[in-house]
Amino acid sequence: MSTPEFFDAADRPSTATALAKEFRDVFGDEPEGVWSAPGRVNLIGEHVDYTGGLCLPLALPHRTFVALRPRTDGVVRLRSRQEDTVVELPLAEVGAGSPQGWAAYVAGVPWALAQKEFAGGLLTGGFDALVDGHVPYGSGLSSSAALECAVAVALGDLIGAPLDDAGRAALAGACMLAENVVAGANTGGMDQAASLRCHEGGAILLDTRDDTVSQVALDLAGAGLALLVVDTRAEHSHAGGEYGRRRANVEHAAELLGVPTLREVDPAALGAALERVGSEPDGDVLRRRVRHAVTEIDRVRRTAELLHEGRAGEIGDLLNASHDSLRDDYEVSCRELDLTVDVARAHGALGARMTGGGFGGSAIALVAAGRVQVVAEAVAAAFAEQGLRAPRFLTALPSEGAGRDL
Ligand code: GLA
């Protein structure tokens, strides 16, 4: 039998305290404070945040921490507990493609805040930052958004920006801009919204058409349920290019349909929309992409309704349909994700699906609380049997968004 390895969340107060101490050792001075932001899992609403759709993500208890101290000379000096490199550059050199690697997600944030006219002395003065990531990296659980959002909430806090939901929405927009331009990943805004705007005990229903959020209570334990996250540890191979191609597909389809985004296609009129895009040279692909987006947005709506009615135990079929659509129509799944989903379903999960961008990364399974271990063992055994790298497991407790620790 394979023993499943669980990736536990770091204890928030002691991690923050240890990071402040290390900051003193590294930079020779006290940090101004320590802030942290969570990774996320998306319950449902996948690959629709760049076409005006609805998503239902929740924040994980797993967080990325940053200890930070403002400077006055316009330089950023960055260290990470997970990386050997020390990055130092003038803020004036931050822009498209600079700096590269993890530092883009840190230095990109003040750059993006300045673009959005969140101006202030601190932003031009630069800062020293020490980062400590406890969100599984490269697992489709938004470790990069957690890093951006920890920095954003730190800078926002220090310049006295309001940290109510509207202020957080503005910070999320800046983080997305940093990711799109400085890091060069053309993603939608779901991950940053989740990291900044979620609250303990719930998911957010994010409407990417107008960036509004409503809180959706998610009392899984009260319903006798648990949300198991399986990090398949499969690399997101070619994910960058494929993500961009999916985005191009839906943008092309929206243009053909004469709508700004696929959100504007009424599910009741889906047949006509499919017929229209189906007549194009790449019609079969476009049909399937449109069918995914329109049906997925509708599934989010139905999931949110069930959750509002306290019927979390009934969302499993919608999760299953979401995965099948992502696998067959949107073609963003992979062998490890499909295996996880199949095994979880066969071992009694109420529903299971890939979560995040796909092509590797993580899947979620909604299971009876007492069956977490059984399902995890079954998945671990199936991976071992097929000679795949051992997956890792997390339980997703809906947690608090970004904030100050010290
Ligand atoms: C990645 C992106 C998000 C979203 C998901 C798919 O996580 O960062 O913006 O598009 O993929 O739902």
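Visitor: Why is V265 counted as buried?

Guide: The model is a predicted one. The relative accessibility of V265 is 10%, and buried means under 20%, so V265 counts as buried.

Visitor: Where is V265 found, and with which residues is it in contact, leaving aside neighbours within four places in sequence?

Guide: V265 is found in the loop between α7 (239-257) and α8 (270-278). With those neighbours left aside, V265 is in contact with L257, V259, A273 and V294. From V265 to G173 there are 92 residues in sequence and 25 Å in space, C-alpha to C-alpha.

Visitor: What makes S333 buried or exposed?

Guide: S333 has 14% relative accessibility. The limit for buried is under 20%, and therefore S333 counts as buried. S333 is placed in the loop between α10 (316-328) and α11 (335-346).

Visitor: What makes the pairing of S333 and D338 a polar contact?

Guide: The side chains of S333 and D338 are joined at 2.7 Å. A polar contact requires a pair of N or O atoms within 3.5 Å, one able to donate a hydrogen and the other to accept it; the pair is therefore listed as a polar contact. Not counting residues up to four places away in sequence, S333 touches H323, L326, R327, D338, M354 and F359.

Visitor: How do you know whether S36 is buried or exposed?

Guide: The relative accessible area of S36 is 0%. Buried means under 20%, so S36 is buried. S36 lies in strand β2 (residues 33-42).

Visitor: Which side chains make polar contacts with the side chain of S36?

Guide: One is the side chain of R63, at 2.8 Å. Another is the side chain of D405, at 2.7 Å. Residues up to four places away in sequence aside, S36 touches R12, R63, T64, F65, A150, V153, A402, G403 and D405.

Visitor: Why is R404 called partly exposed?

Guide: R404 has a relative accessible area of 41%. Buried means under 20% and exposed over 50%, with partly exposed in between; R404 is therefore partly exposed. R404 lies in strand β14 (residues 403-404).

Visitor: What separates the C-alpha atoms of R404 and S36?

Guide: The separation is 6.4 Å, although R404 and S36 are 368 residues apart along the chain.

Visitor: Which polar atoms does the side chain of R404 meet?

Guide: The side chain of R404 makes a polar contact with the side chain of D157, at 3.2 Å. A polar atom of the R404 side chain also lies 2.9 Å from the backbone oxygen of L406. Residues that R404 touches, not counting those up to four places away in sequence, are R12, E32, G33, V34, W35 and D157.

Visitor: How many residues are in the largest nonpolar core, and which of them touch the most other members?

Guide: The largest nonpolar core has 78 residues, of which V41, L43, L56 and L227 touch the most other members. Helix α9 (residues 283-308) gives the most to this core, with nine residues.

Visitor: What separates the centres of the two domains, and how many residues does each give to the contact?

Guide: The centres of domain 1 and domain 2, taken over C-alpha atoms, are 25 Å apart. The contact takes 37 residues from domain 1 and 47 residues from domain 2.

Visitor: Which residues surround the ligand?

Guide: The ligand is surrounded by R40, E46, H47, D49, Y50, T187, G188, M190, D191, Y243, G356 and G357.

Visitor: Which polar atoms lie within 3.5 Å of an oxygen atom of the ligand?

Guide: A polar side-chain atom of E46 lies 2.6 Å from a ligand oxygen atom, and a polar side-chain atom of Y243 lies 2.6 Å from one. For H47, a backbone N or O atom lies 2.7 Å from an oxygen atom of the ligand. Taken alone the ligand exposes 310 Å², of which the protein buries 94%.

Technical notes
Residues are numbered from 1 along each chain as its sequence is written. This is a predicted model: local features need pLDDT of at least 70, side-chain atom pairs count only at pLDDT 80 or more; totals for chains, interfaces and linings use all residues. Side-chain values use heavy atoms; hydrogens and water are left out. A nonpolar core is a set of buried Ala, Val, Leu, Ile, Met, Phe, Trp, Tyr and Cys residues joined through side-chain atoms within 4.5 Å. Buried means under 20% relative accessible area, exposed over 50%, partly exposed in between (1.4 Å probe, protein chains only). Helices (H or I, at least four residues) and strands (E, at least two) are DSSP runs, numbered from the N terminus. A residue is near a molecule or strand if one of its heavy atoms lies within 4 Å of it. Accessible areas come from the Shrake-Rupley method with a 1.4 Å probe; for residues, only the protein chains shown count as cover. Domain bounds come from an automatic or database domain assignment. Contact means heavy atoms within 4.5 Å.
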